[in-house]
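Here's a quick tour for someone meeting this structure for the first time. Have a look at the picture, then read on.

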Amino acid sequence: MPTILRQGKYRFFFFSNEGNEPSHIHIESGDSYAKFWLNPVALEKSSDYSSRELTRIYNIVLSNKEYFNNKWNAYFS
């Protein structure tokens with residue numbers, strides 16, 4: 001499960017066996033978890049994040065979308 005980015009308390013990663021799904025990124029901090037699709041950026045699911053935190057995470061994903069897509073493509077190509 002490669003970690004792609006750490007920003008503040010958030011860890012952004014993907015699982016190594018997910019190349020059959022569209023590109024996405026997982027986020028966790030403590031016991032909270034979220035998954036965002038990358039094209040377009042959209043929340044797929046979340047657990048224990050407030051709407052305020054999800055907005056913060058969404059903005060981080062949006063500003064790093066190209067970086068995440070590049071990492072995804074490099075890993076699963």
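Which residue forms a salt bridge with Lys-9? The partner is Glu-53, and the closest N and O atoms of the two are 2.7 Å apart. Keep in mind that this is a predicted model: local features need pLDDT of at least 70, side-chain atom pairs count only at pLDDT 80 or more, and totals for chains, interfaces and linings use all residues. Residues are numbered from 1 along each chain as its sequence is written, and side-chain values use heavy atoms, with hydrogens and water left out.

**Salt bridges**

- Searching the whole structure turns up 3 salt bridges (a side-chain nitrogen of Lys or Arg within 4 Å of a carboxyl oxygen of Asp or Glu).
- Back to Lys-9 and Glu-53, which form a salt bridge: Lys-9 sits in the loop between S1 and S2 and Glu-53 in helix H1, so the pair ties together parts that are 44 residues apart in sequence. Helices (H or I, at least four residues) and strands (E, at least two) are DSSP runs, numbered from the N terminus.
- Lys-9 counts as exposed at 53% relative accessibility, while Glu-53 counts as buried at 13%. Here buried means under 20% relative accessible area, exposed over 50%, and partly exposed in between (1.4 Å probe, protein chains only).
- Glu-28 and Arg-11 also meet through their side chains in a salt bridge, at 2.7 Å from N to O. This pair links distant parts of the chain, with Glu-28 in strand S3 and Arg-11 in strand S2, 17 residues apart.
- Glu-28 is partly exposed, with a relative accessible area of 28%, and Arg-11 is buried, at 11%.
- Glu-21 and Lys-35 make a salt bridge too, at 2.8 Å from N to O. Glu-21 is in the loop between S2 and S3 and Lys-35 in strand S4, so parts 14 residues apart in sequence are tied together.
- Lys-35 counts as buried at 6% relative accessibility, whereas Glu-21, at 28%, counts as partly exposed.

**Helix H1**

- H1 has 13 residues and should span 18 Å at 1.5 Å a residue; its end C-alpha atoms are 18 Å apart, which agrees. The expected span of a helix is 1.5 Å times one less than its number of residues.
- Glu-53, Leu-54, Ile-57, Ile-60 and Val-61 are the buried residues of H1. They cover an arc of only 120° around the axis, so they sit on the same side of H1; the arc is that of the directions from the helix axis to the C-beta atoms.
- Turned away from that buried side is a face with the exposed residues Ser-51, Arg-52 and Ser-63.

**Helix H2**

- H2 covers residues 65-76, and its 12 residues should span 16 Å at 1.5 Å a residue; the end C-alpha atoms are 16 Å apart, which agrees.
- Phe-68, Asn-69 and Trp-72 are buried in H2. Viewed down the axis, the buried residues of H2 fall within an arc of 100°, so they line one face of the helix.
- Glu-66 and Ala-74 are exposed on the other side of H2.
- Strands S1, S2, S3 and S4 and helix H1 are what the buried residues of H2 pack against.

**The hairpin**

- S4 and S5 form a hairpin with 2 residues between them, and they pair in the antiparallel sense over 6 bridges. Two strands pair if DSSP finds at least two bridges between them.
- Phe-36 stands opposite Leu-43 in S5.

**The core**

- The largest nonpolar core has 18 residues, and those with the most contacts inside it include Phe-12, Phe-36 and Phe-68. Such a core is a set of buried Ala, Val, Leu, Ile, Met, Phe, Trp, Tyr and Cys residues joined through side-chain atoms within 4.5 Å.
- H1 gives the most to this core, with 4 residues.
- Not counting residues up to four places away in sequence, Phe-68 touches Ile-4, Leu-5, Phe-12, Ile-25, Leu-38 and Val-61; contact means heavy atoms within 4.5 Å.

**A buried loop residue**

- Glu-18 is found in the loop between S2 and S3, and at 8% relative accessibility Glu-18 counts as buried.
- Leaving aside neighbours within four places in sequence, Glu-18 is in contact with His-24, His-26, Trp-72 and Phe-76.
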